[in-house]
Amino acid sequence: MDPSVHLDDEHAVFINSTVNSVYELINAIPGSHLVLSYVKNAYQDDPFRIILELFLVFFALKYMLSKKYKPQDNAVKLTEKEIDDLVEEWKPDPLVPPLSSFDKLNLEKAPLIIGAQSVKPKVAGHAKPLMNLASTNYLELQASERIRQKAIDTLKVYGVGSCGPPGFYGTIDVHMDLERDIAQFLGTEEAIIYAQGFSTISSVIPAFSKRGDLLVVDEGVSFAIQKGVQISRSNVRYFKHNDMQDLERVLDDIRVDDMVHKRKLTRRFIVTEGLSANYGDIAPLAKLIELKRKFKYRLILDESQSIGVLGARGAGLTDLFNIDAKEVDMIVGSMSNALCASGGFCAGNTQIVDHQRLSGSAYCFSASIPAMLAVSASEALKYIQEKPQVLRDLADRSRSFRQVLSHKSLENLIELSGSDLYSPSPFFHVRVNPAFLRSRGRDDISREDEERLLQDVVDECSYQGVLITRAKYVYDQERNCPRPSIKIYVTIGLTKKENDKAAGVVKSAIVKIFGKWKK
C-alpha cells in the first residue's frame, strides 16, 4: 500500500474529528442551533451576504486582537538634562498682543467716574463735577426718583435676575407688561423684548434672513447691524448712506439681474437705521417705505438711537414723519439709550413676533432681562408720554448747541455730522475738516494723528469742566469705519444756561487746540 495514501487517510480522519469536536462544542453553547440555522438558511438564500458577514466578523476579531498603536511608542526619549534645557529655552507667547501707543492712549485717557452716574458726575483727577455730555442720558431719567423707587420695589419682590431664558421659565408678568407697553407706545400689534441691546438687532436679522436670502443694507450702519448681517450669511448689497437715489439704483439692478438670470424669488429685506449712530442724521422714512413697496421688500428699521427722543411722542421715526408704524415690517431698538434701562425690543405684527420666540437666538438662549430693568423701561415710557414737553426741550438744547458749533470761526476747522440746525437729533459728531488737515501741508496725516488731535480737545474740555468723549470703533472689524470724531450727547439735565456754557467751552477748546496743532 502506498504510504502517501495512508497519510492522507490519517489527515482526513483528523480533520473530520476536529470538525466534529468543534460542532459538538458549538452545539453545547445555548442558542447555537439558532445561529447555525440562520447561517445555513442565509447561505442558501444569499451566499454573498453570508460571505460578507463572515468577512466582517473576522475583520472585527482581527482588529480587536491586534496590537494597539500608541503615539508615544515612537516618542524620542530625552534625558533629564535635555528636558531642563528645552524648558529653559521655551518662551511662551503672550496671552494678548502688546499694546500699541494708541491703545495705551485710550487706556490712559479713559475717564474714571467716582460714585453714581449723573448729569454732573465726579471724575477722578478733577476737583469739581463735570457737565456730562458723554452719555445717552438725554432726558435725565437716571436721576428720576420715581423710576429708582419702582426698580427698588421690584428688586425686593422678584430678586435680581430670572436665571433662565424667556421661553423656558424666565418670563414673568413685568416682561409681558413691558412688551405690551412698547407695542402700544409704537402703535404695532405686538413686541418682543431681548436681554441685551447689542444682540437684539444682531439676532433679529438672522432670525428672518438666511443663506440665499437678500439684504440691501445702508453702508453706514452701526456695528451691531453689521454683525447681524454677517451672522445671517445672506447675500448682501450695500447702498450709500441715506442716499435714496442710490438705494433705488441698487434695487433696480437687482431686479434686472434677477430677470436676466431667472433667479428664484427669495426673502428680501432693506436694513437701515432711523437715526444713524455713526453720523447723527435721520433716514427719509417716507421714501424708504415707497421703495420697499415698489420693489416688494420688507423693511427692518433700527430705532436704537431714536426711540424716546424723536417725534412729538418720542416714538421714533414713524412718529416724527407721522407714518403708521405698521408700514414698517420690523422696528428694532435698544432700551439702554434714551430709556436708561437695558435690553432691546422688536415690534411688528403677531407673526413677526411669534417667529422670534423660536428663532431669535438671543431670545432663546439668553437669560431674560432682570425684572427691575423691565419695570424701569416701562416707567420711562410712561414718563415720556406724561411729559412730552421734555422732548421739545431736548430739541431746543440740541439746536442751541449746534448753532454755537456752526459759527463761522469754526468753518475751516471742523465738520458737524448731522449739522442740520433744525434736526431733532440729540447727538452729533464733530470731525476735523479735511481742509484744515490739508493746510498742514502734509499728505501722511494718519487716523491716529486725528484721534490724538481730538483727544487733546476732549482733555481741554475736561479741564474747563465739560465731559465729552471721542467716538470709539472696532477698527479691524468695521466694514466702513467712519472718520475719527467727538460724539456729543445733549441732555435736558443741564439748564439752558449750562448747555450754552458747555457749547462755548467746546468751541473755545477747538479753537485753542487746533490753533496750537496748526503751528
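Helices (H or I, at least four residues) and strands (E, at least two) are DSSP runs, numbered from the N terminus. The model is predicted, and local features need pLDDT of at least 70, side-chain atom pairs count only at pLDDT 80 or more, while totals for chains, interfaces and linings use all residues. Residues are numbered from 1 along each chain as its sequence is written, and side-chain values use heavy atoms, with hydrogens and water left out.

Select leucine 99 to begin, in the loop that runs between helix 4 (80-89) and helix 5 (101-109). Its relative accessible area is 47%, so leucine 99 is partly exposed (buried means under 20% relative accessible area, exposed over 50%, and partly exposed in between, with a 1.4 Å probe and protein chains only). Apart from residues up to four places away in sequence, leucine 99 touches Lys104 and Leu107, where contact means heavy atoms within 4.5 Å.

Then select serine 222, in the loop between strand 5 (214-218) and helix 10 (223-232). Is serine 222 buried or exposed? With a relative accessible area of 12%, serine 222 is buried, and beyond its neighbours within four places in sequence it is in contact with Glu273, Ala277, Asn278 and Asp302.

**Stop two: a pair of helices**

Two packed helices are described by the angle between their axes and the distance between the axes. Show helix 9 (residues 197-208) together with helix 14 (residues 350-359), which pack at an angle of about 100° with their axes 10 Å apart; axes here are lines fitted to C-alpha atoms, for helices over the stretch in contact, and angles run from 0 to 180 degrees between N-to-C directions. Helix 9 and helix 14 are therefore roughly perpendicular to each other, a term that covers angles of 65 to 115 degrees. To see the contact, select Val204, Ala207 and Phe208 on helix 9, and Ile352, His355, Gln356 and Ser359 on helix 14.

**Stop three: the largest nonpolar core**

A nonpolar core is a set of buried Ala, Val, Leu, Ile, Met, Phe, Trp, Tyr and Cys residues joined through side-chain atoms within 4.5 Å. The largest such core has 96 residues, of which Met335, Phe401 and Ile488 touch the most other members. Helix 20 (residues 496-518) gives the most to this core, with nine residues. A second, separate core of 23 residues includes Ile300, Cys346, Ala362 and Tyr363.

Now centre the view on methionine 335, whose contacts, leaving aside neighbours within four places in sequence, include Leu178, Ile182, Tyr194, Phe345, Ile369 and Ala377.

Select helix 16 (residues 371-386), whose 16 residues reach 23 Å from the first C-alpha to the last, close to the 22 Å expected at 1.5 Å a residue (the expected span is 1.5 Å times one less than the number of residues). Among the buried residues of helix 16 are Ala374, Ala377, Leu381 and Ile384, and what covers its buried residues includes helix 6 (145-158), helix 8 (173-186) and helix 17 (389-405).

Finish at helix 19 (residues 447-463), where the buried residues include Glu450, Leu454, Val458 and Cys461. Just after helix 19, select glycine 465, which takes a positive phi of about 100°.

Key: Parallel < 35°, antiparallel > 145°, perpendicular 65-115°, else oblique.
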